[in-house]
Structures are given as structure tokens and as C-alpha cells.
Amino acid sequence: MKSKRSVSRRTALKGLGTLGAAVVAWNPGAAQSGQSRARPEPAPFRSGPGREIAERVFKATLIDTHEHLIEEKERLGGAPTGRVPCDDWALWFSHYLNSDLLVAGMTQAELDQFLSPKIEPPAKWRLLAPYWPAVKNTGYAQAVRIAIRELCGVEELSAATVEKVQAGYEQTRRPGFYRRILQDQAGIESCQVNCLTGEPFKESDLPALLMQDLGIVGMFAGPDLARYARPTGLAVKTLSDWHAVINWWFDRYAKYAVAVKSQHAYSRDIDYARVPADQAEAAFRKSLQKEPLTGEERKLLEDHLFWYAVDQATAHGLPVKLHTGYYAGQNGMPLARLRHNPGSAAELCRLAPDTKFVFVHLCYPYYEEMLALAKQFTNAHIDMCWSWIINPVAAKDYLKKHLVTAPANKLLPFGGDYIPVEPVLGHAVMARRGVALALSELVEEGWLTLTDAVELIEPLLNGNARRIFQLAQKTEALKGADWVKYTRFLLASGLSQVYARRRVLETVFNGFVSQG
């Protein structure tokens with residue numbers, strides 16, 4: 001029987017057929033140019049210092065520190081999925097803005113129709129129209145409106161323009177559109193993605209553009225044996241076995257991950273105590289046997305495993321990103337509990353002085369407390385991701401206060417936080433506008449000189465992220481990753497129609513190598 005490496009290159013290439021759409025794995029220049037419009041210009045500012053600051057802010061490279069983007073090939077596949085309910089212009093309303101629509105009075109049945117692939121795209125305007133005036137000025141809607149303007153050339157969504165918007169959607173969603181939108185139009189150097197499709201770490205087809213977090217929630221909440229233990233092949237019968245599973249994920253992916261991420265604050269406060277293994281063992285055994293845990297037992301187990309994962313992250317030099325504050329969705333946010341997030345964050349910083357914590361979303365609406373945290377603790381960093389579309393005025397307010405209160409190198413000003421890529425463009429424009437306004441106002445009010453403000457632009461928009469997440473080192477490491485070698489091979493061999501399971505790629509790659 002021949003080994004896989006004996007497959008001829010010609011046979012291997014022939015076996016791929018016409019699976020899917022283009023994979024542009026590493027070389028940014030390989031993306032198709034398309035018909036994208038140029039980078040957006042800054043909003044009108046007065047002449048003088050404000051205008052100079054705005055122009056510099058809009059020209060600077062931006063690093064996006066938080067997204068939930070699915071892979072481009074999944075968008076190009078066209079078939080509706082849980083994260084992509086439809087393949088038309090309504091998709092741009094499916095993440096975040098859908099919540100504003102429901103809060104404004106749209107019924108769930110109406111929203112389901114609006115996002116249905118069975119409703120013709122032009123007809124969807126009639127479902128949206130009664131609620132559009134109520135939501136069109138929220139941050140969620142402004143990001144989508146800017147995206148529509150930049151991608152479709154439409155200033156105002158209406159019955160008269162909806163078909164042009166749909167045409168713009170179809171023109172946009174073509175191979176290479178992630179690079180065109182993110183890099184060419186939004187000026188984003190790279191994104192950091194917290195994968196929501198089930199994998200703790202996503203082996204992206206665009207690894208240097210869609211850099212990945214390592215998800216740790218399932219390491220300590222549950223814990224999630226199916227997603228974490230099964231890929232390792234390790235049998236889990238004791239708490240020590242589970243520690244080995246956690247170690248496996250860090251040993252395999254820490255060199256490629258930019259950070260670890262937990263959104264467990266959606267389920268409880270982030271008040272994790274350091275619990276020794278012997279105090280958590282009994283609760284872990286009950287969990288394995290699917291016996292119900294008391295609230296106290298569950299907290300003991302979660303707290304112990306949280307710190308085990310965090311200590312692994314620290315040992316591997318990975319920052320720890322933690323959700324704080326506002327919840328996505330509607331009609332289900334316990335504000336009374338969220339108020340405790342800043343105090344709990346301070347205790348985490350005290351308990352682990354060598355861990356680099358990144359607290360995301362400003363803990364909105366409790367952002368004054370997060371400002372105190374950033375000023376007090378060396379290892380506390382504040383990420384403004386999502387904040388410009390939750391409340392753009394509050395985000396600008398926080399940025400102004402941070403720059404005259406806490407060290408500027410503790411701040412990360414932008415993450416789009418989207419599943420569909422198109423609204424990221426709108427969010428990036430809003431963030432740039434907010435940064436320019438904040439700096440300009442600080443100059444006008446006499447808190448900064450123009451020189452001070454200009455000197456802050458590059459560190460804020462890209463320098464802090466490059467340093468905190470060691471992006472140059474991660475980019476270099478990714479070049480040698482196994483799955484990147486496959487995609488680089490596909491690019492080098494001139495293939496543009498490649499979607500295949502790993503075993504098919506292995507066959508092709510090995511055949512290519514065996515033939516020199």
C-alpha cells in the first residue's frame with residue numbers, strides 16, 4: 001500500500017476539483033482588488049489643530065484588538081448558518097443592531113422575517129421601516145450606516161435606495177473582501193479574533209490578518225470536556241488529567257495566540273479566588289459523573305480552574321482578556337451584579353501581579369471605576385473594543401479622561417466586536433472620529449499641547465497593541481504553523497478554488513512535497 005507521500009503532484013491537484021472559493025493565506029497582495037472605494041475621509045473638523053489631528057488619525061494604521069469574525073470562506077459559502085442567518089443586506093443588521101430593533105418594538109417574528117433567507121431582499125425594507133427612525137442614530141446603527149455609505153455609495157437607507165444597497169452587498173461579498181474592507185478601506189493592520197464557532201483556537205486561513213485568541217472559558221466553566229479533551233486524545237478521570245488537557249492547549253497554540261479570552265462575566269462576577277487543587281477535586285469528580293453541584297462547589301471548581309488557566313497563560317507570556325460590563329442582547333442584563341466587576345478586577349490584579357490583564361468594553365456603564373483601576377495597577381490594561389457603538393459619546397469621554405489620568409500605554413482604543421465584517425468598517429470610522437475629537441478637545445481645553453496630542457496618535461492606534469500582544473513575534477511564529485504551511489502551499493501552487501477538509505489538504509501537501 002502506498003503512503004500518502006507517494007501521491008503525485010498532478011494527481012493531488014486534480015483531486016481538489018473546484019471546492020469553494022479563493023484562499024488568500026499569507027500574501028496581502030494576492031487578494032483581488034475588487035471595486036472598493038478609497039479609505040473614508042475624516043469627518044469635517046475646523047481648520048487648525050483639530051483638522052491636523054483628524055488627518056493624522058485617519059491616516060494612521062489601526063490595530064483591531066477584538067472581533068468575532070467568522071472565516072471569509074464561510075461567508076462566501078452563501079448558505080445560512082447560525083452566525084449568518086441570511087446572505088443579503090439585512091445581515092449587516094443581524095449583530096447588535098438587531099437588539100436595538102427589538103428594544104424599539106420590533107417583534108421577534110418580524111425580526112425573524114427580516115433576517116430570513118426566504119424573504120426577497122428589497123421586501124425587507126417594509127419590515128424595517130417602522131422602526132428605523134427610532135434606532136438610526138444609535139451607535140449600533142451609525143456603524144451600519146457608515147458601512148452602507150462606504151460600500152454601497154448610499155447616504156440614506158430608504159425604499160428608494162434599498163435595491164442599490166443590495167447590489168452593493170453583492171458587489172462587496174466577493175473573494176478577498178475581508179482584506180479589501182479591513183486593510184484597504186478601514187486601514188486595519190490586523191484583527192484579534194475570539195472565535196465563536198466552537199473551536200478554542202481557530203486555525204484561520206488568514207492567520208496574519210485574523211489573529212486569534214485562545215478561548216479559556218471551557219477550561220474552567222463546565223468544564224467542557226467535548227470541545228477541550230476530545231481533540232487532545234487524553235483520558236480525563238481526575239482533576240490532574242484535566243490540568244494536562246489545559247496544558248495541551250497551551251503547549252500547542254500559545255506560540256500563535258495573541259491572548260487568552262474569557263467572556264464568563266456573562267454568567268457570574270469575575271471574583272475568582274485562588275482555590276487549591278485539593279479543595280476542588282471532589283467537585284471535579286462530581287462534575288465528571290454529571291452529578292449536580294451546589295453553588296459553593298461550582299464556584300470552588302471554577303475559581304481553581306480559572307487560575308490554573310490564567311497561570312498557564314502567564315507562564316506562556318499571554319495577556320488575559322476578560323469581558324466586563326455591558327451585555328450583548330436585550331432584556332437580560334443584571335446591572336446590580338455588573339457594578340461589582342471593577343472591584344473584582346482590582347482583586348484579580350492584586351492576586352496575580354505578573355499577569356497582564358486586559359479588561360474589555362470599559363465595563364460600561366461603570367467606566368469611571370475602570371479608569372481608577374488603570375491608574376492604580378501596573379498589570380491592568382483597558383480595551384475600548386465595542387464601546388464606540390455602545391455609546392460613542394461615553395467612549396470619547398473615557399478616552400479624554402484616561403489620557404490625563406492614567407498612563408497612555410495602558411489603553412487599547414479599538415475593537416469592532418462583530419461577526420459580519422462589513423460593519424467593522426463603520427465602527428473603525430467612528431473610533432477614529434472619536435479619537436480625533438478627544439485629542440482635539442484636550443488641546444482646545446488646554447490639557448494637551450498639539451505636539452502632545454500628535455505624539456499620542458501612533459502609540460494609541462497601533463503601538464500599544466503591538467507591544468502588549470507581541471504582534472511581531474506572533475506574526476513570525478505563524479509563518480511556521482502547520483496549517484499555514486498548507487495555505488501557503490495552495491497560494492504558491494496557483495490554486496484559487498480551495499475548500500477541503502484537513503485530510504484532503506494533507507494528501508495534496510504531502511504529494512507536493514514528495515515530488516519536490
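Visitor: Is glutamate 302 buried or exposed?

Guide: This is a predicted model. In it, glutamate 302 has 9% relative accessibility, so the residue counts as buried. The cut-off for buried is under 20% relative accessible area.

Visitor: Which residue does the side chain of glutamate 302 meet in a salt bridge?

Guide: Side chains of opposite charge can pair when their charged atoms come close. Here the partner of glutamate 302 is arginine 268, at 3.0 Å from N to O. The two belong to distant parts of the chain, 34 residues apart: arginine 268 sits in the loop between strand S4 (259-262) and H14, and glutamate 302 in helix H15 (residues 295-315). Arginine 268 also counts as buried, because its relative accessibility is 11%. Both residues belong to a network of salt bridges that includes Asp271, Lys299 and Asp303.

Visitor: How many salt bridges does the count come to?

Guide: The count is 28 salt bridges. One of them joins lysine 136 to glutamate 156, with the closest N and O atoms 3.3 Å apart. Lysine 136 is in the loop between helix H7 (132-135) and helix H8 (139-152), while glutamate 156 is in the loop between H8 and helix H9 (162-172), so the pair ties together parts 20 residues apart in sequence. Glutamate 156 counts as partly exposed, at 38% relative accessibility.

Visitor: Which residue forms a salt bridge with glutamate 368?

Guide: Lysine 401 does, and the closest N and O atoms are 2.4 Å apart. Glutamate 368 lies in helix H18 (residues 367-376) and lysine 401 in helix H20 (residues 392-403), so parts 33 residues apart in sequence are tied together. Glutamate 368 is partly exposed at 41% relative accessibility, and lysine 401 is partly exposed at 28%.

Visitor: What is the order of the strands in the open sheet?

Guide: Strands of a sheet pair through backbone hydrogen bonds, either parallel or antiparallel. This sheet has eight strands in the order S1-S2-S3-S4-S5-S6-S7-S8, and the pairing is parallel. Strand S1 (62-67) and strand S8 (411-412) are the edges, each pairing on one side only. Helix H22 (residues 450-468) packs on the sheet and touches S1, strand S2 (188-193), S7 and S8; the directions of H22 and S1 make about 60 degrees.

Visitor: At what angle do helix H13 and helix H14 pack?

Guide: Helix H13 (residues 239-253) and helix H14 (residues 277-288) pack at about 100 degrees, with axes 9 Å apart. That angle makes H13 roughly perpendicular to H14. In the contact, Leu239, Trp242 and His243 of H13 meet Ala277, Ala280, Glu281 and Phe284 of H14. The contact residues divide into five nonpolar, one polar and one charged.

How values were computed: Residues are numbered from 1 along each chain as its sequence is written. This is a predicted model: local features need pLDDT of at least 70, side-chain atom pairs count only at pLDDT 80 or more; totals for chains, interfaces and linings use all residues. Side-chain values use heavy atoms; hydrogens and water are left out. Two strands pair if DSSP finds at least two bridges between them. Helices (H or I, at least four residues) and strands (E, at least two) are DSSP runs, numbered from the N terminus. Contact means heavy atoms within 4.5 Å. Axes are lines fitted to C-alpha atoms, for helices over the stretch in contact, and angles run from 0 to 180 degrees between N-to-C directions. Angles under 35 degrees count as roughly parallel, over 145 as roughly antiparallel, 65 to 115 as roughly perpendicular and the rest as oblique. Ala, Val, Leu, Ile, Met, Phe, Trp, Tyr, Cys and Pro count as nonpolar, Asp, Glu, Lys and Arg as charged, and the others, Gly among them, as polar. A salt bridge is a side-chain nitrogen of Lys or Arg within 4 Å of a carboxyl oxygen of Asp or Glu. Buried means under 20% relative accessible area, exposed over 50%, partly exposed in between (1.4 Å probe, protein chains only).
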